[in-house]
Amino acid sequence: MDRYPDQKRAVHYLYPPVEPFDQRLIDAGQGHRIYAEQSGNPNGIPVIVCHGGPGGGSSPAMRRYFDPDVYRIILFDQRGCGRSRPYASCEDNTTWHLVADMELIRRQIGIESWILFGGSWGATLALIYAQTHPDRVQQMILRGVFLMTKAELDWFYGGGAGKFWPETWAKFVSLIPDGERNDMIGAYHKRLFSGNLDEEVRYGRAWSSWENALASVHSNGQSGESPGDYARAFARLENHYFRNGGFLDYDGQILANMGRISHIPGVIVQGRYDMICPPSSAWRLNELWPNAELKMVRNAGHALSEPGISAELVRAMDRIAGELVP
């Protein structure tokens with residue numbers, strides 16, 4: 001029996017597992033090699049998945065949001081993530097490197113334009129890529145919108161979300177001396193990049209646990225302990241990006257540049273009770289995007305695996321398939 005009987009499990013909405021027909025490591029320069037794969041229909045509608053984090057990496061489950069008979073599904077691991085190498089590297093690793101990497105992948109596999117599919121940080125990257133290369137984007141499907149603004153970072157690392165989860169927030173801040181708690185991103189950065197591996201793993205696990213604990217609407221404020229290597233890599237990469245404001249030129253840049261992509265059709269899927277990326281960002285984005293449709297999912301939080309989120313994403317991709325396939 002489902003733990004929550006009013007909802008199906010997310011997997012019930014997904015397509016069956018599918019294996020890649022192409023896997024490769026692409027030399028992106030600066031010593032980075034980017035893992036990219038293709039599955040589904042080699043002649044199908046191309047869709048590229050931008051994973052979250054920064055630092056999260058792709059997973060086989062991400063292939064299952066698309067009808068494999070219709071879509072040419074492209075997954076890639078961003079610099080320093082997953083199967084890309086060097087693992088956990090923050091050198092020559094910025095938003096603009098990732099945008100260039102996506103263009104490199106597009107050219108190498110011979111695609112003229114594609115659909116962008118991304119959630120959380122993946123939504124951020126998809127928006128920035130689209131604003132940089134609007135002629136390469138057919139449609140966009142975004143989930144759990146994050147706009148890389150100071151207000152959003154202050155919410156999650158400055159105590160806003162902690163007002164709803166005070167016991168979990170207390171655990172997160174307990175590792176930092178009182179005098180440094182006014183800048184949790186900076187305080188964790190000092191320890192995540194200390195050069196002491198044990199310390200970096202310890203603080204990497206704490207950083208990752210704070211985020212993971214709030215991902216689901218059904219959370220009890222606890223999260224399992226991530227493997228040390230993964231937690232350290234994820235935390236270092238995410239902290240690196242957040243400490244640098246996503247390497248954007250100014251705060252609010254994505255919203256200011258929405259005019260560049262206002263013509264591109266989009267679907268925004270947002271959990272009503274998303275504690276990591278509150279719905280106000282999705283709402284503001286939708287207000288400035290006349291060709292987008294906002295789907296606010298009740299009884300859902302942030303995670304891609306939330307049943308209501310998965311259902312809406314698959315529904316959106318099926319609808320697009322019906323419109324584009326004769």
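Author: Before we start, a pocket here is an open set of grid points with protein on both sides within 12 Å along at least five of seven lines. The model we are looking at is predicted.

Reader: Thanks, that helps! How much space lies in the second largest pocket?

Author: The lining of this pocket comprises 14 residues, with Lys171, Arg205, Ala206, Ser209 and Ser223 nearest the centre. The space in the second largest pocket comes to about 340 Å³.

Reader: Which helix gives the most to the lining of the second largest pocket?

Author: Two helices, H4 (166-173) and H6 (197-213), each supply at least two lining residues. By class, the lining has 5 nonpolar, 5 polar and 4 charged residues. With 5 residues, the helix that gives the most is H6.

Reader: Happy to move on to the aromatics! How is the pair of Tyr157 and Phe172 classed?

Author: The structure has 21 aromatic pairs by the ring-centre rule. For Tyr157 and Phe172, the rings lie 6.3 Å apart centre to centre, with 50° between the planes, and the class is tilted.

Reader: How many residues apart are Tyr157 and Phe172, and where do they lie?

Author: This pair links distant parts of the chain. Tyr157 belongs to helix H3 and Phe172 to helix H4, and their separation is 15 residues.

Reader: Are Tyr157 and Phe172 buried or exposed?

Author: The cut-off for buried is under 20% relative accessible area. Tyr157 has 6% relative accessibility, so Tyr157 falls under that limit. Phe172 has 2%, so Phe172 does as well, and the word for each is buried.

Reader: How is the pair of Tyr157 and Trp207 classed?

Author: The two ring centres are 4.6 Å apart, and the angle between the planes is 20°. Planes under 30 degrees apart take one particular class. That makes the pair of Tyr157 and Trp207 stacked.

Reader: Which helices does the pair of Tyr157 and Trp207 tie together?

Author: The partners are 50 residues apart in sequence, so the pair ties together separate parts of the chain. Trp207 is buried, with a relative accessible area of 0%. Both residues also belong to one aromatic cluster, whose members include Phe146, Phe156, Trp210 and Phe242. The helices are H3 and H6.

Reader: Why is S2 largely enclosed by the rest of the structure?

Author: S2 also runs antiparallel to S4 (residues 71-76), to which 5 bridges join it. There, Ser39 has Ile73 as its bridge partner. S2 (residues 32-40) is largely enclosed because, of its 9 residues, the number buried is 7.

Definitions and conventions. Residues numbered from 1 in each chain as written. Predicted model: local features only at pLDDT ≥ 70, side-chain atom pairs only at ≥ 80, totals over all residues. Heavy atoms only, no water. 1 Å grid on protein atoms, 1.4 Å probe; cavity = no way out; pocket = protein on both sides within 12 Å on 5 of 7 lines; lining within 4 Å. Points joined across faces, edges and corners; volume = space filled by probe spheres on them. Helix = DSSP H or I, 4+ residues; strand = E, 2+ residues; numbered from the N terminus. Nonpolar A, V, L, I, M, F, W, Y, C, P; charged D, E, K, R; others polar. Buried < 20%, exposed > 50% of the residue type's maximum accessible area, 1.4 Å probe, protein only. Pairing = 2+ DSSP bridges. Phe/Tyr/Trp six-rings, centres within 6.5 Å; stacked < 30°, edge-to-face > 60°.
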